[in-house]
Amino acid sequence: MRDLEDLRVEFLGRKGRLAGLMAELPGLDPADRPRAGQTANQVKAALGALIEARQQDLERAGDSERLAAFDPTLPGRRPPAGSLHPVTLVIDEICDVFIGLGFEVVSGPEVESDWYNFEALNMPPEHPARDMQDTLYVSEAVVLRTHTSPLQIRTMKERTPPLAAIAPGKVYRRDSDLTHTPMFHQIEGFLVDSHSSMADLRGTLTAFVRQLFGPDTEVRFRQSFFPFTEPSAEVDISCVMCGGRGASGGETCRVCKGTGWVEVLGCGMIDPNVFRAVGYDPEKYAGFAFGLGVERVAMLKYGIGDLRMFFENDVRFLEQFS
């Protein structure tokens, strides 16, 4: 093939023999120029056809050689197997647990109005809790959602109790450091009925964390504050790295910092103001809500020490989950 290309360049190239002959046409007698030009074009077309035909012959011969050397009985090459991202694996596992508990999965937009993202969740414009969820504004009253809690509002506005749902998805905040990223994943859960209580909340979340982290996992609830729940609590579990002992290998556990506990989610009974925002009678209905960061759960579940590893797309890291 290389020799054939050399011949093509030698005879038909821009500086080839035929081009040299055609460059002499202006020096011929004017009466002879048309015939000479016509002959040169005929030669060019004939040479081009011969070269193309030979090229096709050589390609067919090469194909025949490759086919003759091919052994169809040899085993094929298995393509590398892919896998789901660890964050996706954890989202799927969490959803499976709550589906087993009677919850359904809901979804909605990542770009939200200020009313759905803040005001309907008992965070009016002057509320200081907004500072903790400083977000990215698309316009004056439209934001990238800071949590998946707006789906609680959307679902309750569309339906009447009883209802129980979880809402996984991406959320956005103006955080970027070793332990925070501007985009991360969160799962909101909520249940509304005429007779739900804090005991129901505690039982549901205890069953959830023991299903996710193991039956021996200890659970504790600490008093806290969230604008959209009252009363509110933080949920801690016994440290999965040190088994709740506070130390590992003779050294203080770096995950729980020696306390034996790690925080996994926040929760509480839905505030009456949230019910009023969606048109529910707080004297008739009660409910609970909770939210957790998926990356944090994935770090605890898989023993991952650096949040940034989820977003670097290092194949060596991702292959460990295949």
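Reply: Gladly! This is a predicted model, and its largest pocket holds about 1,400 Å³ of space. Its lining takes in 45 residues, with H180, F184, E263, G293 and R296 nearest the centre. Elements that give two or more residues to this lining are β6 (183-193), β7 (219-226), β8 (229-238), β11 (261-270), β12 (286-293) and α9 (294-302).

Me: Which element gives the largest share of the lining of the largest pocket?

Reply: That is β11, with 7 residues. By class, the lining of the largest pocket has 23 nonpolar, 12 polar and 10 charged residues.

Me: What is the volume of the second largest pocket, and which residues lie closest to its centre?

Reply: The volume is about 170 Å³. The second largest pocket is lined by 10 residues, and A81, G82, S83, L318 and E319 are the closest to its centre. This lining divides into 5 nonpolar, 4 polar and 1 charged residues.

Me: Why is K257 called exposed?

Reply: The label exposed needs a relative accessible area over 50%. K257 has 64%, so K257 is exposed. K257 sits in the loop between β10 (251-252) and β11.

Me: What makes the phi of K257 worth a remark?

Reply: K257 is not a glycine, yet its phi is positive, at about 55°. Most residues other than glycine have a negative phi. N122 is also not a glycine and has a positive phi, of about 65°. You will find N122 in the loop between α5 (114-117) and β3 (137-139).

Me: Which kind of peptide bond, cis or trans, runs from P161 to P162, and which from E230 to P231?

Reply: The bond from P161 to P162 is cis, with omega near 5°. P162 belongs to the loop between α6 (150-158) and β5 (163-172). From E230 to P231 the bond is cis as well, with omega near 0°, and P231 is part of strand β8. As background, most peptide bonds are trans.

Me: What makes a set of residues a nonpolar core, and which members of the largest one touch the most others?

Reply: Its members are buried residues of the nonpolar kinds named for a core, joined through side-chain atoms within 4.5 Å. The largest such core has 43 residues, and I94, F208, L265 and F290 touch the most other members. At least two residues each come from α4 (86-100), β5, α7 (198-213), β8, β11, β12 and α9. The largest share of this core, 7 residues, is from α4.

Me: What is F290 in contact with, leaving aside its neighbours within four places in sequence?

Reply: The partners of F290 include F98, F103, I166, I187, L201, L205 and L265. E188, G189, F190, G266 and C267 are also among them.

Me: How do you know that the span of α3 is close to the expected one?

Reply: The expected span is 1.5 Å times one less than the number of residues. Helix α3 (residues 33-69) has 37 residues, for which 54 Å is expected, and it reaches 54 Å from its first C-alpha to its last.

Me: Which residues of α3 are called buried, and what covers them?

Reply: G37, A40, I51 and G62 are buried in α3, and that label needs a relative accessible area under 20%. The cover over the buried residues of α3 includes α1 (2-12) and α2 (17-22).

Terms used
Residues are numbered from 1 along each chain as its sequence is written. This is a predicted model: local features need pLDDT of at least 70, side-chain atom pairs count only at pLDDT 80 or more; totals for chains, interfaces and linings use all residues. Side-chain values use heavy atoms; hydrogens and water are left out. On a 1 Å grid over the protein atoms alone, a cavity is a set of points where a 1.4 Å probe fits but cannot get out, and a pocket is an open set with protein on both sides within 12 Å along at least five of seven lines; lining residues have an atom within 4 Å of a point. Grid points are joined across faces, edges and corners, and a volume is the space filled by probe spheres set on the points. Helices (H or I, at least four residues) and strands (E, at least two) are DSSP runs, numbered from the N terminus. Ala, Val, Leu, Ile, Met, Phe, Trp, Tyr, Cys and Pro count as nonpolar, Asp, Glu, Lys and Arg as charged, and the others, Gly among them, as polar. Buried means under 20% relative accessible area, exposed over 50%, partly exposed in between (1.4 Å probe, protein chains only). Contact means heavy atoms within 4.5 Å.
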